[in-house]
Amino acid sequence: MQQIKLFAQSVAESIVTLLGFSPDAANYVYVFLISMLPIIELRGAIPVAYALGLDIVPSYIVSVIGNLVPVPFILLLITPLCNLLKKTKALRWFPMWIEKKVAKNEAKVTKYKNVGLYLFVAIPLPGTGAWTGALVASFIGYKFRDALVSIILGVLTAGIIMTAISFGLIDFIVGLF
């Protein structure tokens with residue numbers, strides 16, 4: 001795990017140098033890259049931003065944008081990619097695994113349509129998030145625009161929840177009363 005962390009930090013520093021940003025931006029690039037990862041997404045990126053001592057608003061913005069970058073690609077490309085992979089003997093397991101994951105979550109989303117997809121993405125629990133929401137929406141035939149809007153709103157909400165938890169805002173608000 002330490003090697004992965006060092007590699008990600010190295011990639012972040014290289015991107016910052018390549019783009020001519022200040023060295024301080026490396027941590028934000030690191031958070032951005034973490035938020036793009038499946039499973040981890042912004043649910044892991046925002047606590048990392050807090051641990052790195054980054055400012056709250058830029059951390060939220062960078063994490064949300066990073067979490068949303070893969071979504072249009074998943075919505076547009078995952079179904080054709082899986083159909084292609086089903087035709088190969090060696091990689092047939094991958095679309096089958098995705099379909100099993102989608103089937104497991106389909107009822108949670110379809111019961112309430114767009115609101116269901118929004119809630120599925122917004123509530124930061126294991127197995128939910130933008131990646132899984134996009135997979136489910138793609139496989140059950142959501143319209144691209146409807147899915148994208150629900151997922152964007154869900155990511156924005158999940159980001160607020162995770163920021164509040166990670167940066168201690170809930171403790172602060174509770175302490176006021």
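Modeller: Here is a chat about helix packing, a few side chains and some aromatic rings. This is a predicted model, where local features need pLDDT of at least 70 and side-chain atom pairs count only at pLDDT 80 or more, while totals for chains, interfaces and linings use all residues. Residues are numbered from 1 along each chain as its sequence is written, and side-chain values use heavy atoms, with hydrogens and water left out.

Biologist: Okay, at what angle do helix 6 and helix 8 pack?

Modeller: About 90°, with the axes of helix 6 (residues 93-110) and helix 8 (residues 130-139) 9 Å apart. Helices here are DSSP runs of H or I with at least four residues, numbered from the N terminus. The axes are lines fitted to C-alpha atoms over the stretch in contact, and angles run from 0 to 180 degrees between N-to-C directions. So helix 6 and helix 8 are roughly perpendicular, a label used for 65 to 115 degrees.

Biologist: Which residues make that contact?

Modeller: From helix 6 you get I98, E99, K101, V102, N105, E106 and V109, and from helix 8 T132, L135, V136 and F139. Contact means heavy atoms within 4.5 Å. The set splits into six nonpolar, two polar and three charged residues.

Biologist: Is helix 8 mostly covered or mostly open?

Modeller: Mostly covered, since eight of its 10 residues are buried. Buried means under 20% relative accessible area, exposed is over 50%, and partly exposed is in between, using a 1.4 Å probe and protein chains only. Among the buried ones are A130, G133, A134 and S138.

Biologist: What covers them?

Modeller: The cover includes helix 3, helix 4 (56-68), helix 5 (71-85), helix 6, helix 7 (113-122) and helix 9. After helix 8 comes G141, with a positive phi near 85°.

Biologist: Switching topic: is R43 buried or exposed?

Modeller: R43 sits in helix 3 (residues 41-51) and counts as buried, at 12% relative accessibility. The R43 side chain reaches the backbone oxygen of V121 at 2.5 Å. Leaving aside neighbours within four places in sequence, R43 also has contacts that include N67, P124, T128, A158 and M162.

Biologist: And the rings? How many aromatic pairs are there?

Modeller: Three, where rings of Phe, Tyr and Trp (its six-membered ring) pair if their centres lie within 6.5 Å; planes under 30 degrees apart count as stacked, over 60 as edge-to-face and the rest as tilted. One of them is Y50 with F167, edge-to-face at 5.3 Å centre to centre and 75° between the planes. Y50 lies in helix 3 and F167 in the loop between helix 9 (144-166) and helix 10 (169-176), so this pair ties together parts 117 residues apart in sequence.

Biologist: Which residues form an aromatic cluster?

Modeller: W93, F94 and W97 form one. The W93 and F94 rings have centres 5.7 Å apart and planes at 80°, so that pair is edge-to-face. W93 is exposed at 53% relative accessible area, and F94 is partly exposed at 25%.

Biologist: Last one: what does L148 touch?

Modeller: Not counting residues up to four places away in sequence, L148 touches V71, P72 and L75.

Conventions:
Helices (H or I, at least four residues) and strands (E, at least two) are DSSP runs, numbered from the N terminus. Angles under 35 degrees count as roughly parallel, over 145 as roughly antiparallel, 65 to 115 as roughly perpendicular and the rest as oblique. Ala, Val, Leu, Ile, Met, Phe, Trp, Tyr, Cys and Pro count as nonpolar, Asp, Glu, Lys and Arg as charged, and the others, Gly among them, as polar. A polar contact is a pair of N or O atoms within 3.5 Å; within protein, one must be able to donate a hydrogen and the other to accept it, and residues adjacent in sequence count only if both atoms are side-chain atoms.
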